[in-house]
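These are my notebook entries on a single chain fold, kept in the sequence in which I looked things up. The structure comes before the notes.

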Amino acid sequence: MQLSPRQIHLDFHTSEHIPGIGSAFDEKAFAKAFKDAHVSSVTVFARCHHGWLYYPSKRFPDRIHPNLSEPNLLLKQVRALHEAGVRAPVYITVQWDYHSAENHPEWLIRKADGSHEGDSFTKPGFYQSLCVNTGYYDFLEAQTREVCEMLGDELDGLFFDIVGIRPCLCASCRREMEQKGIDMNDETAVRAFAAFTMKRFKEKMSAVVREYNPNCTIFYNAGHVGPCTKPSKDTYSHFELESLPSGGWGYLHFPATVRYARTLGKPCLGMTGKFHTSWGDFHSYKNQAALEFEAFRMLSMGCACSIGDQLEPDGHVNPTTYKLIGKVYRQFEEREAFALPSRPVAEVALLTAENPLVENQLSDALLGACQMLDELALQYNVVDTEMDFSAYRLLIVPEDIPGTAELAEKLNAYVKNGGKILAAGRGGLMENGRYPECYGVENRGKRALFPDFLVADGPLGEGLESGAEYVIYLAGEELASCGAETLLSARAPYFAREGRLFCSHRYTPSAKGETYPSVFENNGVVVFSHPIFGQYRANAPRWCKLLVKNALTHLIGSLCVEHDGPSTLTVNLLHQPEQNRYTLHLLSYIPVRKSAEIDIIEERTKLADVQVRVRVPETLKKAVLQPEGREIALENGSFTVPVIDGYQIIELDY
Ligand SMILES: [Zn+2]
C-alpha cells in the first residue's frame with residue numbers, strides 16, 4: 001500500500017461556547033485551498049475531543065455540535081475534497097471526549113483510590129481519560145458504524161485518536177481482572193491488562209470498520225509508535241508517527257522512532273504541525289525552514305508527510321497557513337519520486353530496550369546512540385530483541401539492554417554467522433552477572449574508583465591526541481578478559497570523590513598510575529566498559545562519538561556513507577530497486593535552542609563542495625542532482641555535491 005504523500009491533519013476541536021460553527025464554510029474555497037497548497041489528503045472530523053459531532057447524526061442527535069451552522073459539514077468536506085481529487089479520511093476521538101466524561105462518570109478511567117485519570121474538571125481542557133471497557137465502547141462502536149454507513153464507499157479511512165495503554169481500575173476493569181485472577185496491587189500486571197484491553201479494542205474496532213470497507217486506512221494514535229504498537233500492528237493499515245518537534249517530542253523523537261516503526265512491515269508517515277509550538281496554536285506559523293526540514297526529513301527516510309493544522313470554528317481555511325504549507329509541499333512533490341516508494345538502507349541495527357507496556361519511553365541510551373549515529377551519517381534501524389538481526393552487518397547493544405539467556409544465545413549465533421557487535425556497559429548482562437559468551441569478558445560489578453580516563457591509542461584513538469587522557473564522567477563496569485583482547489586502556493583518579501575526599505570543583509584527576517583494559521575486542525565483538533551512549537545523551541563529548549566511530553570502522557571497515565560535511569548534516573540513503581538506483585538525501589538545517597522551551601530552525605544552512613562517498617554492493621554508474629536533473633562527476637562511488645541549500649538529493653544509478 002502506498003500512502004497519500006502530502007497530508008493535512010485538520011484538527012477541529014471546537015467549543016460549544018462559540019457561535020456559527022462552519023458558518024464560513026464554502027465547499028469550493030475549502031477544496032481549492034488544499035489543492036492549491038499541493039495537499040493530497042486531509043483528515044476531517046466526525047467527533048472531536050469536546051465530544052461533538054459534525055454531521056447530522058440520527059442515532060446521537062444530542063451529540064451534534066449545538067452551534068453547527070452547516071449541518072452536513074463532514075459530508076460536504078469529504079465530497080468537496082474528493083471532487084478536487086484529495087483524499088479525506090475521518091477522525092474519531094477515543095479516550096478524550098469531554099461530553100462523555102461530564103455526562104458518564106461511569107465511563108472514566110479510574111485510579112486505585114477511585115479518582116479519575118487525567119486532569120481535574122475544574123481545569124480548562126478535555127484531558128479526562130475514558131475507558132473502552134465500559135459502556136463507552138458501545139457508544140464508540142455505534143458512532144463509528146454511523147460514520148461508515150453515512151460515507152459508504154466515500155470513506156477513505158479512519159483515524160482513531162488517543163488510544164493509549166492507560167491502567168484502569170474502573171468497575172468493569174476490576175471485574176474482569178478479578179475473573180482473570182490478576183493481582184490489582186501489582187502495577188505491572190494492571191498495566192499488562194490495560195495493554196491487553198487496548199489490543200482487544202483495536203481488534204474489535206478494525207473488524208467493525210472492515211464490515212463496511214475492506215480497503216480504507218485504519219490508524220490508532222497514541223502519540224508514539226514503538227514496541228508498544230507491535231502486538232496489535234495487524235489492526236493498523238499503516239503508521240502515523242505523531243512527532244511535533246516544537247510540541248514536546250523534540251527533533252530527535254521522529255528519527256529514533258521511525259527507524260523502529262519502518263521495520264514493522266507497514267507504510268509510515270511522519271506527522272508534524274504548522275504551529276510554532278503545538279496543537280491548538282491557531283494563529284501561529286512555523287518558520288518555513290523548520291517545516292521544510294521536518295517534512296523533507298520524513299521524505300528522506302522514506303515516509304509520507306502529514307502536517308497538523310486546526311480549522312477555525314467558522315470553517316474557513318486560513319490562507320496564510322496554506323501559503324506556507326504550499327511552499328513546502330510544492331518542493332516535497334517535486335522530490336517525492338526519489339523517495340516513495342523505497343527501501344531505506346540499513347547496514348547496522350541498534351537494539352532498543354523500550355518497554356512494550358509503556359508508550360514513548362525512549363531511554364537516554366537509545367536517544368544518545370541515535371544522536372551520535374545520525375551525526376556519523378550511519379545508515380541503521382532500531383530493532384527489539386525479538387527481531388531478526390541477520391540482515392545487518394553489525395548490531396549495537398547499548399548499556400540499558402537487559403540480558404537474557406535467549407538474547408545471549410541469539411548474539412552468540414549472530415557472531416558465529418559473521419555478525420559484528422558493539423556493546424556498552426551493562427548491555428546484554430544477564431541476571432546471573434554474566435555476559436554472552438561472544439563478548440569474551442567477565443563483569444566484576446560497577447567501578448567504584450571513577451571516573452575513568454581513557455588513554456587514546458591504537459585503532460580507537462583515530463582523531464584523538466595519542467596518549468592524552470579523555471574522561472568518561474559516568475561510572476563504567478569493571479571488566480576482566482576471559483579471552484578478549486584489550487583495545488583501549490584507561491587510568492583511574494587518585495580517589496573517588498566522596499565525603500571529605502575530594503579535589504577541586506568536579507572529579508579527582510588522573511593519578512597517572514598503571515593503565516587497565518577498558519575497551520575489549522573478541523572475534524568481531526567490541527565491548528566498552530562505559531555507558532557511552534547515555535554519556536553522549538548527557539553532554540555529548542565529541543571523543544565518545546569518535547570512539548564509537550572508530551570502533552564501527554574497526555569492526556566493519558568503511559561505513560556505507562561517508563562525507564566531509566558538518567556533523568549537523570542529515571544523511572539518508574534510500575534504495576529504489578525498481579529504478580536500479582539509490583537516492584542519497586542530504587539535509588542542512590540546524591535546530592538552535594533559542595528559547596527555554598523549544599528548538600528553533602529559522603533558516604537553511606547553505607553548504608558548498610561537500611565530498612561524499614557511497615558504498616553499495618552494485619557498481620554505481622551515474623550521479624545526478626535531483627530534482628534539477630544535473631549530472632555530476634562520479635568516481636568509485638565518490639562525488640562532490642556543489643551546493644546543499646537546505647535539501648539536496650543525489651540520484652545514484654547502477
Ligand atoms: Zn476501565
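**Entry 1: strand β8 and its partners.** I began with a residue pair: Ile 8 has Ile 307 of β8 as its bridge partner. I note here that the model is predicted, that local features require pLDDT of at least 70 and side-chain atom pairs pLDDT 80 or more, while totals for chains, interfaces and linings use all residues. Residues are numbered from 1 along each chain as its sequence is written. My element names follow DSSP runs, numbered from the N terminus: helices are H or I of at least four residues, strands E of at least two.

Strand β1 (residues 6–11) runs parallel to β8, and six bridges join them. I take two strands as paired if DSSP finds at least two bridges between them. β8 also pairs in the parallel sense with strand β7 (residues 268–273), here over five bridges.

Is β8 (residues 304–310) mostly covered or open? I found seven of its seven residues buried. For burial I count other C-beta atoms, placed from the backbone, within 10 Å of the residue's own: 20 or more is buried, 12 or fewer exposed, and in between partly exposed. Ala 304, Ser 306, Gly 308 and Gln 310 point one way from the strand, and Cys 305, Ile 307 and Asp 309 point the other way.

**Entry 2: Trp 279.** I looked up Trp 279 in the loop between β7 and α8. Trp 279 is partly exposed because 18 other C-beta atoms lie within 10 Å. Leaving out residues up to four places away in sequence, Trp 279 touches Asp 11, Gly 247, Gly 273 and Gly 308; contact requires C-beta atoms, placed from the backbone, within 7 Å. Trp 279 and Asp 11 are 268 residues apart along the chain, yet their C-alpha atoms are separated by 8.2 Å.

**Entry 3: the six-strand sheet.** I traced an open, antiparallel sheet of six strands in the order β9-β22-β23-β28-β25-β26. Its edge strands are β9 (343–344) and β26, each pairing on one side only. Seven bridges link β22 (residues 570–576) with β23 (residues 581–587) in the antiparallel sense. Leu 574 stands opposite Thr 583 in β23. Helix α8 lies across β22, β23 and β28 (647–653), at about 160° to β23; axes are lines fitted to C-alpha atoms, for helices over the stretch in contact, and angles run from 0 to 180 degrees between N-to-C directions.

**Entry 4: the nine-strand sheet.** I recorded an open sheet of nine strands with mixed pairing, ordered β11-β10-β12-β13-β20-β19-β18-β15-β16. β11 (380–383) and β16 (469–472) each have a single partner strand, so one side of each is left without a neighbour in the sheet. Direction ignored, neighbouring strands of this sheet are turned by 25° against each other on average. Strands β18 (residues 485–491) and β19 (residues 516–522) run antiparallel and are joined by five bridges. There, Ala 490 has Tyr 516 in β19 as bridge partner.

**Entry 5: helices α10 and α12.** At what angle do α10 (residues 364–375) and α12 (residues 532–539) pack? I read about 75°, with the axes 7 Å apart. The two helices are therefore roughly perpendicular, a term for angles of 65 to 115 degrees. Among the contacting residues I list Leu 367 and Met 372 in α10, and Phe 533 and Tyr 536 in α12.

**Entry 6: backbone exceptions.** I noted two cis peptide bonds. One joins Phe 450 and Pro 451, with omega about 10°, and Pro 451 sits in the loop between β14 (441–446) and β15 (452–455). The other runs from Gln 626 to Pro 627, with omega near 10°; Pro 627 lies in the loop between β25 (622–626) and β26 (630–632).

Ile 162, not a glycine, has a positive phi of about 60° and lies in the loop between β4 (157–161) and α5 (171–179). Asn 636 likewise has a positive phi, about 50°, in the loop between β26 and β27 (638–645). Asn 636 is exposed, since 10 other C-beta atoms lie within 10 Å.

Technical notes
Two residues are in contact if their C-beta atoms, placed from the backbone, lie within 7 Å. Angles under 35 degrees count as roughly parallel, over 145 as roughly antiparallel, 65 to 115 as roughly perpendicular and the rest as oblique.
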